[in-house]
Amino acid sequence: MSLLPELRYLTVAELVASARALAAHRTGVCVLRQVGVSRAGRPLHLLSVGHARRAVLVVAGAHSNEPTGASTLLTVAERVLRERELRDDTSWHFLLCADPDGASLHVTPAPRSLFEYHLGFYRPAGPEQPEWSPSLVPSDRLPPETRALTAVIDELRPYLQVSLHGTDVGGSWVQLTREVPGLAEPFARSAARSHIPVETGASDAAGWPASGRGVHVMPAPGAGAAYPSMPDDARRCTWYHVHRYGGLTAVVEVPMWASDLVDDPAPHPAPAAAMRRLADRLLRDTSELERVLADARPRLTALGGPLLRAADWGLELVPGLAADWTHTPPADGTRAYVGSVDAFARRLPLRAAAMLLRVLRETDDPVAPRLEQLVAAWSDAFTERFLARWVPVANQVEHQSRTVVAVALHARARAA
């Protein structure tokens, strides 16, 4: 009988309680320990299964608005306990939540619509994200969550790190810091089994080589960036910390709402013109948001806080990103890629508006109702344009967990 809760989005407290139950049930095989604390003093927990020197590290909760990873982590841990061959020569280690402070601020665990999801939205500014901060701030200013994660990597020296991520609307894809031969086939088969489209032209992986449908390999250091204005660089984030021990990182993304627009490999008839239109719309949407906020801006600045920092950080990216899309040749000429960029262009102002709305609501600011109307309109337009359909949490978790195990098995063969 399973000791785990039903497959749903879990709070950090529920996740820790479930991990503690697993450790108590299999005391000779499982250990749950604290490996650090967040900026606000919340504990960071590591669940370890098995005792072999060869190790896999699975990280959940690096982005607070991507909730699937918690249940995936527990599902994989229970499978490893149940299937001894998975741990005969490999120990598995699970960082339960890389950013518990962020998780405490994202407050829509079971959204019924994209609008409801955004009413409780929170995603930290880039320099405050555990995985991305090394690419954005000096080493002496890294947050404690980042230092805890890299210390775990230094201790375990895993041959594989798997980071569990998600997207609001789109498909599933995998990002690899090194190629894992043979992964694309089981990944695509798992996505089809769970009725999840494969995001073949993910904007997050723009310009990266692909080893199969939806499986992208990060380019070597020194390769040109598809979006030159973006301040972060995947090759300087914690995903590459395992390389000093000969390992690699796999980032497994799953959608909450699926859209077939990101799974169309057909050539777009005019990708450069489409990218320019998306850049123009991004600038218009951002200007509309600023017009709505014009009266409230002085009051917002006085309030401060993580929601405001995150919103402003996202909005600061807009001019450079719009210029990239206008003046740089498209990294990919498919309909899937243009669709993925379309989703990216909608997210930036929508997420900023949603977080600013939360700040204004807390003070009953008179601008809040107008801003809520904007968040609702943009959420509805996003849903309608992408024909977004809800992916049951069980499907999200089952596909992500199957992919984690497939990556581990194929990467083990590569390491051998």
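Rings of Phe, Tyr and Trp (its six-membered ring) pair if their centres lie within 6.5 Å; planes under 30 degrees apart count as stacked, over 60 as edge-to-face and the rest as tilted. One aromatic cluster is formed by Y9, Y117, F121, W257 and W390. This is a predicted model, in which local features need pLDDT of at least 70, side-chain atom pairs count only at pLDDT 80 or more, and totals for chains, interfaces and linings use all residues. Residues are numbered from 1 along each chain as its sequence is written, and side-chain values use heavy atoms, with hydrogens and water left out.

**Aromatic pairs**
- The structure holds ten aromatic pairs.
- The ring centres of W257 and W390 are 4.9 Å apart with planes at 70 degrees, so this pair is edge-to-face.
- W257 lies in strand β9 (residues 248-258) and W390 in strand β10 (residues 389-390), 133 residues apart; strands are DSSP runs of E, at least two residues, and helices are runs of H or I, at least four, numbered from the N terminus.
- W257 counts as buried at 7% relative accessibility, whereas W390, at 36%, counts as partly exposed (buried is under 20% relative accessible area, exposed over 50%, partly exposed in between; 1.4 Å probe, protein chains only).

**H63**
- H63 is found in the loop between β3 (55-59) and α2 (68-82).
- With a relative accessible area of 5%, H63 is buried.
- H63 touches R123, Q129, W132 and H165, not counting residues up to four places away in sequence (contact means heavy atoms within 4.5 Å).

**Helices α1 and α2**
- L15, S18, A19 and L22 in α1 meet A70, L73, L74, A77 and L81 in α2.
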